[in-house]
Amino acid sequence: MSHEFLLLSLLFLLPGGVIWLARPDLRPLMKRMALASLPFAATERLFYPRYWAPKFVFDLADRIGFGIEDVLFVVGLSGFSSTVYAVVFRRAPVPCAAQGAPRARPWLRAGVVIALALAAAWALVAAGVPVLYAAVAAMTAFAAALVGARRDLLVPALLGALLSAALYLGLCLVFAALVPGVFERTWRPSVLLPGRALLGVPLDEVLYGLGAGFAATVFPAWAFGFRYAKAPPVGSRAG
């Protein structure tokens, strides 16, 4: 298959699609995270071709530094990594402040953290840190700082990280079954874990899923001022 990354990106949209249909109460969170994830599509220029070398639709990675696949991938990853904890443990986002009192300038807060995380990742790569570890370190460090401000998010973040990594691994296993040998042909795992794999999937990828789940569980709750509470019965959810 010539466009493996496109297939992987489409696979990553599936869990979010299921969650969107099954949990209407999580749709506002998914919309926010889809929008917040878009700047990360441009980080492909850090990964390609250092970490991997897939073929992009219209060769966009060679032309502009990222492709359609990157947009689909980050939206799909944000969709399930920000919600899998809430789905598995039957939690729902509820405002921390009084009902109807929005968090002051939530998108400004979100934008500042996103910009700082991206800048940190670029700086780490410039300092010689392998790109995947730079990305995970930036995500995790800023999410950990947010946990320091919101201690109630520690357990959700850790569980969200583990669940996201497991789902990420599962999707990669499906991908490998559909395109045999794809990881050996297309990936160039970073130097810290050369040749290390879990069920044939590079451990680098599992680590990325872990970091994404940790950050995506913490970041929106901090930025938009909500906490995770027990979800209402199915019949009482808003459509």
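A salt bridge here is a side-chain nitrogen of Lys or Arg within 4 Å of a carboxyl oxygen of Asp or Glu. By that rule, the structure holds four salt bridges. Before we go through some of them, a word on what you are looking at. This is a predicted model, where local features need pLDDT of at least 70 and side-chain atom pairs count only at pLDDT 80 or more, while totals for chains, interfaces and linings use all residues. Residues are numbered from 1 along each chain as its sequence is written, and side-chain values use heavy atoms, with hydrogens and water left out.

**Salt bridges**

| arginine 185 | glutamate 4 | 3.8 Å |

Take arginine 185 and glutamate 4, whose side chains meet in a salt bridge. This pair links distant parts of the chain: arginine 185 is in helix H10 (residues 182–186) and glutamate 4 in helix H1, 181 residues apart. Helices are DSSP runs (H or I, at least four residues), as are strands (E, at least two), and both are numbered from the N terminus.

How covered are these residues? Buried means under 20% relative accessible area, exposed over 50%, and partly exposed in between, using a 1.4 Å probe and protein chains only. Arginine 185 counts as exposed because its relative accessible area is 51%, while glutamate 4 is buried because its value is 9%. Aspartate 25 and arginine 23 are both buried. Lysine 55, at 39%, is partly exposed.

Aspartate 59 lies in the loop between H3 and H4, and its relative accessible area of 32% makes it partly exposed. That loop, between helix H3 (44–47) and helix H4 (60–64), also has proline 49. The peptide bond from tyrosine 48 to proline 49 is cis, with omega near 0 degrees.

Arginine 90 is another residue other than glycine with a positive phi, near 50 degrees. You'll find arginine 90 in the loop between helix H6 (84–88) and strand S1 (91–95). With 40% relative accessibility, arginine 90 is partly exposed.

**Rings**

On to the aromatic side chains. Rings of Phe, Tyr and Trp (its six-membered ring) pair if their centres lie within 6.5 Å; planes under 30 degrees apart count as stacked, over 60 as edge-to-face and the rest as tilted. A search of the whole structure turns up 18 aromatic pairs. One of them joins phenylalanine 12 and tyrosine 168 edge-to-face, at 4.9 Å centre to centre with 85 degrees between the planes. Phenylalanine 12 is in helix H1 (residues 4–22) and tyrosine 168 in helix H9 (residues 154–178), so here too distant parts of the chain are linked, 156 residues apart. Both residues are buried.

Some rings have a charge over them, meaning NZ of Lys or CZ of Arg is within 6 Å of the ring centre and within 35 degrees of the ring normal. Arginine 32 lies over the face of phenylalanine 224, 4.4 Å from the ring centre. The charged end of arginine 109 sits over the ring of tryptophan 222, 4.0 Å from its centre.

**Cysteines**

The structure holds zero disulfides (pairs of cysteine sulfur atoms within 2.5 Å). Cysteine 172 is buried, at 1% relative accessible area, whereas cysteine 96 is partly exposed, at 38%.
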